[in-house]
Amino acid sequence: MAAPDPKHTLHEYLRRVRQALLWKLDGLSEYDVRRPLTPTGTNLLGLVKHLTADEVGYFGDTFGRPFGEPVSWEGHEDEPNIEFWAAAEESREQIIGQYERACAHADTTIDELPADATGRVPWWPAERNEVTLHQILVHMVAEVSRHAGHADIVRELIDGTAGLAPGQENLPEVGQEYWAQYRASREQAASQAAGRQHR
């Protein structure tokens, strides 16, 4: 067996979690892809928009490889969290399309540079902003996975859809009745534990 190529392995994991993120938007209305479902406003389209900024920044700006097109938040940087939500006039197609182009630009950087290529992350402190492509790949696999996990929860709150990818849900093959009973028993266990704590 040939020795694994760490850069190739990390790139494959990055591609998979990108796909998992986008799958969470499939079949939803314009309202649901924008709908804030946590106290801090987490929403599906906002997660895609934020990760567009990450792909452009970490694989573009960091290595002196400009993205080459205006990004949707340019000129609005003074607005808090501008990259975490979609304005009414921004279409889903625009935001997803720009994300896909940002990922393609990132893929070109990954393919063309060696794992030990160095760059600088402009928004990190000077004492630690010099990085390698390998370090950024690890960082981005973690970053996209984290936000894909957020998307898992948001989508489940919207319509109950859960799982890893189409045809590979990575969940037991059971019906809704099972999950209702499962959740009820977990609630009961939590209540019992809380009751013991207060004795």
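What follows is a briefing on a helix pair and on some aromatic rings. Please keep in mind that this is a predicted model.

**How α1 and α3 pack**

- Two packed helices are described by the angle between their axes and the distance between the axes.
- Helix α1 covers residues 6-23 and helix α3 covers residues 44-59; their axes come within 11 Å and cross at roughly 155°.
- Angles over 145 degrees count as roughly antiparallel, and α1 and α3 are therefore roughly antiparallel to each other.
- The crossing of these two helices, α1 and α3, is left-handed.
- On the α1 side, L14, R18, L21 and L22 make the contact, and they meet L47, V48, L51, E55 and F59 of α3.
- Sorted by class, this contact of α1 with α3 has seven nonpolar, two charged and no polar residues.

**Aromatic pairs**

- The structure holds three aromatic pairs.
- In one of them, the ring centres of Y58 and W123 are 5.0 Å apart and the planes lie at 70°, so the pair is edge-to-face.
- This pair links distant parts of the chain, 65 residues apart: Y58 sits in helix α3, and W123 in the loop between β1 (118-120) and β2 (130-132).
- Y58 counts as buried at 6% relative accessibility, whereas W123 counts as partly exposed at 43%.
- Y178 and Y182 form a stacked pair, with 5.9 Å centre to centre and 25° between the planes.
- Y178 and Y182 are four residues apart in helix α6 (residues 176-197), so about one helical turn separates them.
- Ring pairs also link Y58, W123 and W124 into a cluster.

Key
Residues are numbered from 1 along each chain as its sequence is written. This is a predicted model: local features need pLDDT of at least 70, side-chain atom pairs count only at pLDDT 80 or more; totals for chains, interfaces and linings use all residues. Side-chain values use heavy atoms; hydrogens and water are left out. Axes are lines fitted to C-alpha atoms, for helices over the stretch in contact, and angles run from 0 to 180 degrees between N-to-C directions. Angles under 35 degrees count as roughly parallel, over 145 as roughly antiparallel, 65 to 115 as roughly perpendicular and the rest as oblique. A crossing is left-handed if the near helix is turned anticlockwise from the far one by less than a right angle, and right-handed if clockwise. Contact means heavy atoms within 4.5 Å. Ala, Val, Leu, Ile, Met, Phe, Trp, Tyr, Cys and Pro count as nonpolar, Asp, Glu, Lys and Arg as charged, and the others, Gly among them, as polar. Rings of Phe, Tyr and Trp (its six-membered ring) pair if their centres lie within 6.5 Å; planes under 30 degrees apart count as stacked, over 60 as edge-to-face and the rest as tilted. Buried means under 20% relative accessible area, exposed over 50%, partly exposed in between (1.4 Å probe, protein chains only).
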